[in-house]
Amino acid sequence: MRKTKKILAVILAISMIAVYITAIPVSAATLTDPEKLAAMNLFRGDTADGLTPQYLAKAPDRKTAARLLLRFNGLEEAADAYTGTATFSDATSATVYWQPMIGYLKANPGAGFGGYEDGTFRPNDAMTAQAFYKVLLTILGYKQDTDFTWAQTFTFAASKGMTKIASKTGITNADVATAMVEALNATTKTGDKLITALINDGVVTATQAAAAGFNVISTVTGYETAYTMAYGGANPLPATVTAVYQDGNTASVAVAWGSFSTTVEGTYDVTGTIEGFGTITTKVTLTKTLMVTDAYPTGTREIYVTFNMPVPTTTAVTCKFGTAVLAGLTQTWSSDRKSLTIKRGYNYTPGNYSVTVSASTKEFRIEAEKLVEIDIAANTVYPQTGNQDLNVTFYNQYGLAMNPLTMNLQLTAFSPDNASATLTLGRTVSSLNMSGVQALEVGDTITMIVADNATAVVSTKILTVSAAPVISSFTFGELTIADSATILLTGTHGHKMTVSAVDQYGNEYKLRTGNQDISSTISATTPLFITSTDPAVVDPALIEVDADGKLFFKPGAIGTKDGTVTLRVIAPMNPNMTPVSYSITVQKPATISSISVQGLSSTLRAGQWVPLIAYAYDQYNKPISMENINNLTNLGKLRIVSTNSVVIPNGTASDSITGIRYNTTTKVLEVYGASAGLTGISILYDNIIQATLTVNVEEAAAPSQLTAVNLPTVFQKTAYADMTLDNFTIYDQYYSLIGLSTGYRIEISGTAGLTVAPSVLTSTNGTTRITAPNTVGNYDLIFSLKDPSGNTLSTQSMVITVIDSAAVTSYQIEPISNVYAKIETNGSLADKTAYYKPINIVGRTSSGISVQLVYDPATGLPADILMITSTNNSFSFVVHNGKKHLTTTYDSTASSISTTIKIFTGQGEVGSTTVTASSVAPYMHNVYFEQTSITLSRSSGVTKDFLDYLKAKDQYGVNYVLGSANIYYMTTNSSIISVDNTADTFTLVATGACTLRAYFAATDRTVEMNVNVIN
């Protein structure tokens, strides 16, 4: 029990177990401390008159405070039930009601309220302020003589914000209330405010606490009253909501939501718990039905659609204009496939549209594009020839820019200061321009009127003729390296640099695109001239201005030479502008330059690869990922030289037969032990020795000990048990688990009567059958592990007890799960028998030992089981491979069906189990490469089919036939293995190692296979 839950008992006890709540004022600001507690139903008087002056003037005594602490610690009931005789010498000075509690305190001094050294308890003595603060500190989680001493009570309480009754020589119930309110505002040892802890534990509500004037959460926003969740989709409930506190401040707080079904369709009331507030509720509707939740135009060429769940990649979404299905559309899905943008290269025709997925359709209307606003951004023009852009934007109802060339516009421009000047307004695809301004003078004004005849939208602007701006100052800003890189590398491009220019008016000057304002060619009319101290590192001729006014590094701007250069900008048109410089450092791409090898990570044994403890460094002597070695060039630089190539082979990491390699899965270098022995190895990179080691390769791990055999010990007469190598536990000579290696075998012999066929198990023939005789008794079995020379390495023996039917006293059906409800009614299942579920029945003796039962091949049931039944006729039974199996025939729509299977002997029903089957059609549930690591030879064919190596299971554990649709293939090194996503094949290009990946969009899963290619 949380300690804060017990505070209610503490506070109520202080008020002497009274029952009447006082009336409280409307405004929390006017409440007294006792009234604040009463507002939360925590403080009461001792009569029907409530908090009378007489009651508030009373003083609590020691026995009352002791009961408070017992309640707080959850010990009150135990104290009242105490029947012992030990007690304090003055216990009888209290009434009979108090005797069990006082005796309990004597017998349990650890309860927290002891007596005095003279053996008395003094139950009727008045409680002091110091003692009461000590009780409140205990409630807050602090302990006397651990967190504070008795003498430190007042100072320690003051450090927690409790001081108001410290100077009192005697305390009253009013003082008690004041100290309690102090405590409610204090912080517990665990870090919670005490009032918050009470709300968390349900002692008071947030509403009550707010009414009492505490600054607690008053309301919660930021969540919906209802959510829709798709079957198998993400939880829609927000992890945080917005808490609004009594003082008006807000904060984001976490919500602990209750659970709800994610497998059964329906609507669920879900409760969320918020620390310091309590609970909130919402509804979650779980549906398996895919629906369009909304569809609407977001532009003249764009429709936005939302769905209630992720849309499978195999599900088609169609868009219609009236009844005609639209073709040539571009569909762009969100990453969660719950929203879709449908675009086309020209405007949608106005009219009624609909979007359909599965059986759900959403209708909407697209209106004709219309102008709603004309924005003339220009304020000035310049007395110069040519067209001047006026930065005019025509906005449609979607807030998107319209093409002025397609509009019915009326354009007017004139100067009141020079009526003879001919001003001409022209159109571009995105704006308007003006020519003829050279006829005007600085200071003249121009009235410009733009009207759309179709919508009557008009915009008027007064432009001022100003002297042409000249750049008076220029500064370099921040360099943003392309592709989020942190260093500038040779041969790269696409980088951008912000710059700032100011004209003679003190206004920001946006550099014009291309090299209109900045050029590497100097002339008297060049606004800015840019140079580089080494054009081979940074070529200024390939730096231009983009549409945002930033310097853009075109391809070739960063050359193949590394180094540090200085860019310098001057203003030929304004010699008063101060030249500015910017330093740029260009580095060559980091590549592995050296490898530090510290040794092997573990013992190397013959036939094993063992990781090297190795670290790579680049040409700047900085650590670099070992993954950078994974290409043919770098793998060819990594070489191992062995003084005994029989023990560890020589070669490079790109060879098919070598003693060193890069493991693409673990991302480490590994060394191979070919045979046992001692050898010296040198590891070289780029013909430079990186390390020299002496390596002892131990003998290859081999079976050494047979330690356990998993086989039933009790058989019914003539019953049999099939065994495989999985029934045996074998360890190698190094005490590690190992399988049965080639050449090793397990020989099985038994007492006459037991049949073992075959009697020898090998790594290639690892199945045998043990058959009991038709005679009751005990029979010995001996299992011997032997090496290739026939030497016995280890043995295990066991006794098989054969019993008759009478000794089997009970039966049990093993649980059956993962059943498909439509095995026989689903015509798409190629192999229905794969979905059958075996009925496994276990017999037991009277002592509970399981028995291997004898089965009747005709019925597929144990011989003594006469009948098996199902309470639901959608479930039936078939004999398959000599054993009874469960099958289903269900053609309705419920998500699941259930039955109870019962078995009978001549004595009646002897066992049952409940089975639930799902009606969800089989779908790909798990996909994997059959081998995660494989060696392929180019001599056996260079082109391979991916589907020969990929396997899949459906949700019922049955093999799933993969199609090539929605599988995307990747390779980590196309120079070793290339992939063809059209043909679903991969080609072995050269020897080496790389990783093949297959991405399944339907399950958003990527699987891998490491491939070592040899000739």
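Figure 1. Seven bridges join E31 to strand E32 (residues 580-586), and the two run in the antiparallel sense. Here two strands count as paired if DSSP finds at least two bridges between them, and strands (E, at least two residues) are DSSP runs numbered from the N terminus. Val 565 has Ile 584 in E32 as its bridge partner. Strand E31 (residues 563-570) is also antiparallel to strand E28 (residues 528-532), to which four bridges join it. Within this second pairing, Thr 531 is the bridge partner of Arg 568 in E31. The model shown in every view is predicted: local features need pLDDT of at least 70, side-chain atom pairs count only at pLDDT 80 or more, and totals for chains, interfaces and linings use all residues. Residues are numbered from 1 along each chain as its sequence is written, and side-chain values use heavy atoms, with hydrogens and water left out.

Figure 2. Phe 552 belongs to strand E30 (residues 551-553). Its relative accessibility is 26%, so Phe 552 counts as partly exposed; buried means under 20% relative accessible area, exposed over 50%, and partly exposed in between (1.4 Å probe, protein chains only). Phe 552 and Gly 514 are 38 residues apart in sequence, and their C-alpha atoms are 9.2 Å apart in space.

**Figure 3. Aromatic pairing of Tyr 353 and Phe 364.** The structure contains 22 aromatic pairs. Rings of Phe, Tyr and Trp (its six-membered ring) pair if their centres lie within 6.5 Å; planes under 30 degrees apart count as stacked, over 60 as edge-to-face and the rest as tilted. The ring centres of Tyr 353 and Phe 364 are 6.0 Å apart and the planes stand at 15°, so this pair is stacked. Tyr 353 lies in strand E14 (residues 351-357) and Phe 364 in strand E15 (residues 360-366), eleven residues apart. Both Tyr 353 and Phe 364 are buried. Together with Phe 321 and Tyr 348, Tyr 353 and Phe 364 form one aromatic cluster.

**Figure 4. Aromatic pairing of Trp 609 and Tyr 672.** In this pair the ring centres of Trp 609 and Tyr 672 are 5.0 Å apart and the planes are at 40°, so the pair is tilted. Trp 609 is in strand E35 (residues 608-618) and Tyr 672 in strand E40 (residues 668-673), so the contact ties together parts that are 63 residues apart in sequence. Trp 609 has 27% relative accessibility and therefore counts as partly exposed. Tyr 672, at 23% relative accessibility, also counts as partly exposed.

**Figure 5. Arginine side chains over aromatic rings.** The charged end of Arg 62 sits over the ring of Phe 121, at 4.8 Å from the ring centre. A charge sits over a ring if NZ of Lys or CZ of Arg is within 6 Å of the ring centre and within 35 degrees of the ring normal. Arg 337 lies over the face of Trp 333, 4.2 Å from the centre of the ring.

Figure 6. With a disulfide taken as a pair of cysteine sulfur atoms within 2.5 Å, the count of disulfides comes to zero. Cys 319 counts as buried because its relative accessibility is 3%. Cys 994 counts as buried at 0% relative accessibility.

**Figure 7. Open sheet E53-E56-E57.** Three strands in the order E53-E56-E57 form an open sheet with antiparallel pairing. Strand E53 (810-813) and strand E57 (850-851) are the edge strands, each pairing on one side only. Two bridges join strand E56 (residues 841-844) to E57 in the antiparallel sense. Arg 844 has Ser 850 in E57 as its bridge partner.

**Figure 8. Open sheet E55-E62-E61.** This open sheet has three strands, in the order E55-E62-E61, and its pairing is antiparallel. Strand E55 (837-838) and strand E61 (875-880) stand at the edges with a single partner strand each, so one side of each is left without a neighbour in the sheet. Six bridges connect E61 with strand E62 (residues 883-888) in the antiparallel sense. Ser 876 is placed opposite Thr 887 in E62.
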